[in-house]
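Please look over the sequence and the structure below before reading on.

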Amino acid sequence: MELDNKEIYRQFAEQEQLPLFMQPWWLDAVTAPDGKQWDVLLAYNRQGEAEAAMPYMLRQRMGFRYVLMPQQTQIGGVGLSGKIKNDSHAQENIVKWLIEQLGKLRLDYYYQQYSVDSPIPALLAARGFTTRERVTYRIERPANIDAVVRSFSYNKRRQLKKAASLVVDFDLTPQEFYAFHSDCLKEKHQTIRYSWELFKNIYQYSTARNQGQVIALRSDTDSRLVAAAFVVWDEQQMYYLIPVLLSSAGRSGAGTRIAFECIKLAQKKGIAFDFEGSNIPSVANHYRQFGSTPVKYYSVEKKTNPLFSLLLYCNRVKEKWQRK
C-alpha cells in the first residue's frame, strides 16, 4: 500500500532525528485541540528518497491564507536529510523547491522559526525573505551538576540556598498545573494564553512517550504551591516549556530552584537543557545567570499581502497592550 505524505514524514522525522517540535506526534498534539491541521511538503532525490521536509500549519481566515508556528512550538521550518546537510548545491535546490511549493500554497503570509543549525534561513534571506535573529539559552549536556551550580552567578547561588527548604513535587496533575498558572497570571491581572485542551493534549502525548514532566515546588510549612514548570524533551535536549512562579514567592528563590530542578532532570537523562530564550531583557538576564550559553537561531518571514501585514501589526499591538 502506498504511504501518504504524513506517513512518509513520520518515517523521515524518526530516521533523521528531527527536533521534538518537528515530530509528527507533537504537531498532532498542538493542532488537534483547536480544530487546526498540519500538513507536510516533501522533496525527493532522484532515487525517490525524501531528502527534505517542511511540516506546516496552514490557517485560513477572513479570506487570508497564512502559515504560522503552532502554539508552544519553538522550532519548525525545513528538516534536511543527513545526506545533504553538508551539500550546499543540494541545499540550493531545496530552497528553489521550497519557494515553488510556497507559491503553490498561495499564501498571504509565511512565518516559521528554524532550528539552530539550519542553513535554510540564510539561503532564503538571499531570495527576499525576511530573517530575524533570535536567541535561546542552553546548558550543553550537564554531566556534573555541581559544576553546573558553580557556573551560576553569585546571585543565583544565593537564591538556590534561600530556596533549599522548598519541597519538590513530581505528582502535580495537569489540571492542577493549569489552574496554578491561571491563578498566577490573575495576580498580575493577565489571562492565560493557551487553552486547557491544548495543554491537556501536549501533556498526554508527551507523558505517554515519557517525554514530558511537571515539576512543582511547595512551601515546607503549609504545602502551598509556589512554583512549577512543564518540561518536554527528545534525545538531544530538554525544553523549559512553561515555567510558572507565584508573584508573592518572587523573593523566595523559588524561580531559581524550579529551573535548577529541571536542569537536574536533564542532567540525569544526559541531555542538554534549553531555556527557550526570551526577547524580554529581564527574563534573558535571568537565564544567562544560570551559566547558560546564548545560541542563535532564525525566524523566516515572507509578506505577500500588505492588507494582511497591516492586520498582523494591529493584532501584535493589541496583544502588547493586553499584557500590560
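## Helix α7

The buried residues of α7 are Pro-174, Phe-177, Tyr-178, Phe-180, His-181, Ser-182, Cys-184 and Leu-185, where buried means under 20% relative accessible area with a 1.4 Å probe and protein chains only. This is a predicted model, in which local features need pLDDT of at least 70 and side-chain atom pairs count only at pLDDT 80 or more, while totals for chains, interfaces and linings use all residues. Residues are numbered from 1 along each chain as its sequence is written, and side-chain values use heavy atoms, with hydrogens and water left out.

Helix α7 covers residues 174-187, and its 14 residues reach 20 Å from the first C-alpha to the last, close to the 20 Å expected at 1.5 Å a residue; the expected span is 1.5 Å times one less than the number of residues. Helices (H or I, at least four residues) and strands (E, at least two) are DSSP runs, numbered from the N terminus. Among the elements that cover the buried residues of α7 are α8 (196-208), β8 (212-218), β9 (225-233) and β10 (237-245). After α7 comes His-189, whose phi is positive, near 60°.

## Nonpolar cores

The largest nonpolar core has 73 residues, of which Tyr-9, Phe-177, Phe-230, Tyr-240 and Phe-275 touch the most other members. Such a core is a set of buried Ala, Val, Leu, Ile, Met, Phe, Trp, Tyr and Cys residues joined through side-chain atoms within 4.5 Å. Strand β9 gives the largest share of this core, nine residues. Another core, of 24 residues, lies apart from it and includes Leu-41, Ala-52, Leu-107 and Ile-120.

## The largest cavity

About 80 Å³ of space lies in the largest cavity. Of the 14 residues that line this cavity, Leu-27, Pro-55, Pro-70, Gly-76 and Gln-112 are the closest to its centre. A cavity is a set of points, on a 1 Å grid over the protein atoms alone, where a 1.4 Å probe fits but cannot get out, and lining residues have an atom within 4 Å of a point. Grid points are joined across faces, edges and corners, and a volume is the space filled by probe spheres set on the points. Strand β2 (residues 50-61) gives the largest share of the lining, three residues.

Definitions and conventions
Buried means under 20% relative accessible area, exposed over 50%, partly exposed in between (1.4 Å probe, protein chains only). Contact means heavy atoms within 4.5 Å. On a 1 Å grid over the protein atoms alone, a cavity is a set of points where a 1.4 Å probe fits but cannot get out, and a pocket is an open set with protein on both sides within 12 Å along at least five of seven lines; lining residues have an atom within 4 Å of a point.
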